[in-house]
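The points below may be read alongside the sequence and the model.

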Amino acid sequence: MNKRTRLVILIAVLAICFVFLWPSISWYGRTPSHVKALALGSTESIKDYSVNQAAEDVRAIKNLAAENISAEVPEDFAWLKKLAAKQYKAAGKKAPSAMVVKDVLAAYDSELEMMEDIQTRYRDIILKAKKYYTNSVKLGLDLSGGMNVIVHADLDAAAAAQGDTLAAEDVAQFKKDAMANALENLTSRIDRFGLSSPVIRQQGDDRIYIEIPGAAQADAINTLIVGKGILNFRLSDMEATEAFKTYYNQHPASTFNAAGELLDPSIIPEDCEVFGLYTKDKYGLDERIDWVVVKKEIALEGKHIQSAEIRRDEYTGQLQVCFNLDAEGTPIFGEFTGKHKGEYLAIVSDNKIKSNARIQDAITTGAVSLTGSFTEDEANNIKKVLQTAWLDVPLEVESQQVIGATLGEQAIHQGIMAIALGLGLILVFMLIFYKASGINAVVAQILNLYIMFSVLSAFNLTLTLSSIAGMILTVGMAVDANVLVFERIKEELRQGKSRTAAISMGFDNALWAILDSNITTFIAALFLAGLGTGAIQGFAVSLAIGVCSSVFTALFVSRLIFDFDTDVLHAKKVSIGWGIKQ
């Protein structure tokens, strides 16, 4: 391989590594702290923030217009002039050169349109930061602080609670469904709480592992874990719903405050509440598609639901979500549906409406069917909502570990100091012992760490204390390859060979010795990564990555530097140690 090809390969590798490392650089070095806090929250909390902030901005602009319609746009809202200019361009109009408040308001056909445009800006900023975080190197709990919890799901108790209604052959499937439901409930609760990128996964048959980075209140988390989902049925007030939606479309920025409460409660009847009607989007997240005003009085508690399933209507072929009520709930529901034929009944779960269906007839048998133009995903989502009421799985916190953020910062500082000190001492030794050739080792070591962090970022791996230990070990091992090459070159120089011949023979003779030692280390690291867990696995992964990158830098990069000195700087001798005559 000629020198030009090797140079092109090196530049390509460094460029690719920079692309991989850019999300980490952007997240840790370029993202403001307040944006980080928002990006680490749940998708729902990001949406709420964007909506509330957009509403505040619209109110601020309207207040400015009320004081002076021709006032200049404040510096804090300079970005709004750009948004307005885009609206003018989209409408085929020319934006005013010196835009004032009146011009900004004139760019939009309605207050709702302006609010949605501003909301999009906030959302895009936060989601962009969230994307950087997703694609960056993560800090483990031992570095970032946080807590991990192992929750035991008592599936036997859940099965026993079903009594004679559960056949023996159906127990295994029941436990599987109950475990899936427990995971769904915990994910919904913890994500809605706005916690930072939680990891929630099943561990074994009846345990759930939860990992929450950052500061977290243990009592609040435990309450979320052992708490039960709130599901009930309420009568919808469709007349009030239409009136509310008309009002909201005219006053989107002044309908709710930052806490999501009505600024003017009189716009709906006193005995009613307004909730969003939600469905799952393509990412599996709750997405509000409408508003519904419902009665505060609960028609039926979700605890009366015994089972839920999806069927197809034998005549129309349409999907139906069917559920059965217990003996106590059947007469309550029968009487209620008999009184409210033709009206709408909403399924409310955690203050979100998941279904709003018309009552066709009195349902006195306890067997309820929800019909409509459901897709398979929509039907499954409604089924899951109903399961939160009847698949009641007792959850118990089995173990819990909390790591303070201060301890994490201290660990990061100590890890960085260890890497810097180890690298510094090695480089000083190389420069003293191998003179100018030690510069090759310096460059190789720096690029080695650069490539290692890039690979960690590329695969979204988590950096822990054990990973840092693997890096520190790699720093020591990486210089070993340089030592082997340099000693081989010195041997060739002692035999009277020229610079070019000594360098070429030195690398050729050291090649297999370097590969043999690093391949055996790499195999050991693979076994540790595959068979180990936790800290051992983190150590092994960083060691394996370091082995590969150190071989590349020692054999490829270091050789290219020697060749650069020979061909470009026209060096005739090799500065590689004391007592070497050339």
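This is a predicted model: local features need pLDDT of at least 70, side-chain atom pairs count only at pLDDT 80 or more; totals for chains, interfaces and linings use all residues.

In which crossing, left-handed or right-handed, does helix 1 pass helix 6?

1. The crossing of helix 1 past helix 6 is left-handed. Helix 1 spans residues 3–30 and helix 6 spans residues 111–134; their axes come within 7 Å and cross at roughly 120 degrees. Helix 1 is therefore oblique to helix 6.

2. Helix 15 passes helix 16 in a right-handed crossing.

3. The model contains 17 salt bridges. One of them joins Asp156 and Lys175, whose closest N and O atoms are 2.5 Å apart. This pair links distant parts of the chain, since Asp156 belongs to helix 8 (residues 155–160) and Lys175 to helix 9 (residues 171–192), 19 residues apart. Asp156 is exposed, at 52% relative accessible area, whereas Lys175 is partly exposed, at 25%.

4. Arg123 and Asp124 also form a salt bridge, with 3.7 Å between the closest N and O atoms. Arg123 is partly exposed at 33% relative accessibility, and Asp124 is likewise partly exposed at 41%.

5. In the salt bridge between Lys497 and Glu492, the closest N and O atoms lie 2.9 Å apart. Glu492 has a relative accessibility of 7% and therefore counts as buried, while Lys497, at 31%, is partly exposed. Elsewhere, a network of salt bridges links Arg6, Arg559 and Asp563.

6. Which residues form a nonpolar patch on the surface? They are Ile519, Ile523, Phe527 and Leu531, and together they have about 440 Å² of accessible area. Leu531 is part of helix 17, which covers residues 499–531. With a relative accessibility of 71%, Leu531 counts as exposed.

7. Finally, Ala327 is found in the loop that runs between strand 9 (319–325) and helix 12 (329–339). Ala327 is exposed, its relative accessible area being 71%. Although Ala327 and Gly366 are 39 residues apart along the chain, their C-alpha atoms are separated by 7.8 Å.

Key: Residues are numbered from 1 along each chain as its sequence is written. Side-chain values use heavy atoms; hydrogens and water are left out. Patches are made of residues with over 30% relative accessible area and no salt bridge: like charges are joined within 9 Å, nonpolar side chains (Val, Leu, Ile, Met, Phe, Trp, Tyr) within 5 Å. Accessible areas come from the Shrake-Rupley method with a 1.4 Å probe; for residues, only the protein chains shown count as cover. A salt bridge is a side-chain nitrogen of Lys or Arg within 4 Å of a carboxyl oxygen of Asp or Glu. Helices (H or I, at least four residues) and strands (E, at least two) are DSSP runs, numbered from the N terminus. Buried means under 20% relative accessible area, exposed over 50%, partly exposed in between (1.4 Å probe, protein chains only). Axes are lines fitted to C-alpha atoms, for helices over the stretch in contact, and angles run from 0 to 180 degrees between N-to-C directions. Angles under 35 degrees count as roughly parallel, over 145 as roughly antiparallel, 65 to 115 as roughly perpendicular and the rest as oblique. A crossing is left-handed if the near helix is turned anticlockwise from the far one by less than a right angle, and right-handed if clockwise.
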